[in-house]
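Thanks, everyone; I would like to take a few minutes on one model, beginning with a side chain and then moving to the sheet. Please keep the view open while I talk.

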Amino acid sequence: MEYIVEHGRPKDTSNRLSKEVEVYDLLDSLNIEYDRLDHEAIFDMNRLKEVREYLGVSINKNLFLCNTQKTRFYLLLMPGDKPFKTKELSHQINSSRLSFGPEDKLLELLNVTSGSVNIMTLMYDKANQVQLVIDEDLLKGEYFGFHPMINTTSLKVKKEDMLDKYLKHVHHEPIFVTLKGE
């Protein structure tokens with residue numbers, strides 16, 4: 001399939017999800033430039049590889065996690081092709097055993113459902129109840145790649161803009177970890 005990379009928001013947003021448009025609105029208000037690729041829905045790694053080739057950036061894996069007591073919540077960003085080992089992360093962030101966060105907490109804290117979580121969902125976490133955790137391997141690249149609340153569009157944004165402008169705007173300070181995936 002042939003895709004076209006566009007710079008910035010779609011010209012017509014009338015048939016886009018309101019949450020997707022909120023992402024464009026926020027990025028634009030912060031003067032953060034981005035490239036956008038509209039594509040078929042992504043449900044597997046093969047389709048993700050296609051998007052990576054066209055957009056020129058790997059799409060991050062975004063995991064909503066919590067401790068055993070469900071009192072601490074985390075958004076983990078890591079390379080999409082790296083395996084995730086809960087024990088490895090638990091040790092680095094001094095947390096009890098981690099598991100995937102419950103759907104009701106994901107909706108309550110980040111205003112999305114499973115499969116839609118990404119770094120932009122932190123704009124809904126006004127009370128800072130979700131700790132952002134970033135695998136240091138993501139810092140090696142110049143860009144972050146993620147879906148803007150829908151898996152039929154992918155964005156490519158400069159890493160510095162996300163760390164310096166966006167995260168400061170949403171008042172989230174990341175913890176950086178080293179995940180080997182072994």
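This is a predicted model: local features need pLDDT of at least 70, side-chain atom pairs count only at pLDDT 80 or more; totals for chains, interfaces and linings use all residues.

Residues are numbered from 1 along each chain as its sequence is written, and side-chain values use heavy atoms, with hydrogens and water left out.

With that in place, the side chain of Tyr166 has a polar atom 3.3 Å from the backbone nitrogen of Met123, and the backbone oxygen of Met120 lies 3.0 Å from a polar atom of that side chain. Tyr166 belongs to helix H5, residues 159-169, where helices (H or I, at least four residues) and strands (E, at least two) are DSSP runs numbered from the N terminus. Is Tyr166 buried or exposed? Tyr166 counts as buried because its relative accessibility is 0%; buried means under 20% relative accessible area, exposed over 50%, and partly exposed in between, with a 1.4 Å probe and protein chains only. Leaving aside residues up to four places away in sequence, Tyr166 touches, among others, Leu26, Leu30, Ile32 and Ile119, contact meaning heavy atoms within 4.5 Å.

Now to the sheet, which is open and has 5 strands in the order S5-S3-S4-S6-S9, with mixed pairing; two strands pair if DSSP finds at least two bridges between them. Its edge strands, S5 (98-100) and S9 (175-177), each pair on one side only.

Strand S3, residues 61-67, runs antiparallel to S5 and is joined to it by 3 bridges, with Asn67 standing opposite Leu98. S4 and S6, by contrast, pair in the parallel sense over 5 bridges, and there Leu76 has Val133 in S6 as its bridge partner. S6 is also joined to S9, again in parallel, by 3 bridges, and Ile134 has Phe176 in S9 as its bridge partner.

How are the two faces of S6 covered? Val130, Leu132 and Ile134 on one side, and Gln131, Val133 and Asp135 on the other, are all buried, so to speak of S6 as mostly covered is to say that 6 of its 6 residues are buried.

Methods. A polar contact is a pair of N or O atoms within 3.5 Å; within protein, one must be able to donate a hydrogen and the other to accept it, and residues adjacent in sequence count only if both atoms are side-chain atoms.
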